Amino acid sequence: MPEELTDDRLGMVFTTTDLTGPDLISQPLGVEHLFVNLDRFLPQANQTAVSFKDLAGLSFVVLDDIGAWKDVIGKEIEDAHFMYQDERDAMDEITRYSSFPYFTTNVTAADPSYHPVPANNRVERSIKGPKAELTIYMTVKRQRQTQVQPLVDRLKAAWAKLPTTPTTGEQMC
């Protein structure tokens, strides 16, 4: 990826790695927090936050194009079954008419194409631990930093308004 920036095939990239070097500069935009949406009758739904270990053995419906999160959940949740969906519409249908858990992040709430399952069916819970957070960086060629700084500042300001805890679902008694 750094080659695509240095040879001008790409103007900027978003990564989970700080790629700062002689020709590149990375700036953190914010932290993406992973949440799990659980059927309200699962025992884990009674917790305010869950660990990856708490999710072991469950079956999840997952949007296929979730970037670095795909590796994280695959490595951190033992004996899990992941049913990957290529299309957002298919994902929405399955989550609406099934009880399979699925993942969201604090960034999901800002996606206008996201349609959450009604709160009476699901509760959204934080996942505990450092692997449930990813710092997102914006990387550009050093010579372009001044040119893109206004955009970076707007992105950082918007990111600062994102929730850091789940926005749906109340803790069950």
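Biologist: Which residues line the second largest pocket?

Modeller: In this predicted model, the second largest pocket has a volume of about 200 Å³. By class, its lining comprises 9 nonpolar, 2 polar and no charged residues. The lining residues are Phe14, Thr15, Thr16, Leu29, Val107, Ala110, Ile136, Leu155, Ala158, Trp159 and Leu162.

Biologist: Which element gives the most to the lining of the second largest pocket?

Modeller: Strand 1 (12-15) and helix 4 (145-160) are the elements that give two or more residues to this lining. With 3 residues, the element that gives the most is helix 4.

Biologist: Which residues lie nearest the centre of the largest pocket?

Modeller: About 510 Å³ of space lies in the largest pocket. Its lining has 16 nonpolar, 7 polar and 5 charged residues. Of the 28 lining residues, those nearest the centre are Glu32, Asp65, Ile66, Thr105 and Thr108.

Biologist: How many residues apart in sequence are the parts that Phe60 and Phe103 tie together?

Modeller: Phe60 and Phe103 form a stacked aromatic pair, 4.8 Å centre to centre with 20 degrees between the planes. Phe60 lies in strand 4 (residues 59-63) and Phe103 in strand 6 (residues 102-105), so the pair joins parts whose separation in sequence is 43 residues.

Biologist: Is Tyr84 buried or partly exposed, and with what relative accessible area?

Modeller: Tyr84 forms a tilted aromatic pair with Phe82, at 6.0 Å centre to centre and 35 degrees between the planes. Lys70 lies over the face of Tyr84, 4.6 Å from the ring centre. Buried would require under 20% relative accessible area, so Tyr84 is partly exposed, at 31%.

Key. Residues numbered from 1 in each chain as written. Predicted model: local features only at pLDDT ≥ 70, side-chain atom pairs only at ≥ 80, totals over all residues. Heavy atoms only, no water. Phe/Tyr/Trp six-rings, centres within 6.5 Å; stacked < 30°, edge-to-face > 60°. Helix = DSSP H or I, 4+ residues; strand = E, 2+ residues; numbered from the N terminus. Buried < 20%, exposed > 50% of the residue type's maximum accessible area, 1.4 Å probe, protein only. Lys NZ or Arg CZ within 6 Å of the ring centre and 35° of its normal. 1 Å grid on protein atoms, 1.4 Å probe; cavity = no way out; pocket = protein on both sides within 12 Å on 5 of 7 lines; lining within 4 Å. Points joined across faces, edges and corners; volume = space filled by probe spheres on them. Nonpolar A, V, L, I, M, F, W, Y, C, P; charged D, E, K, R; others polar.
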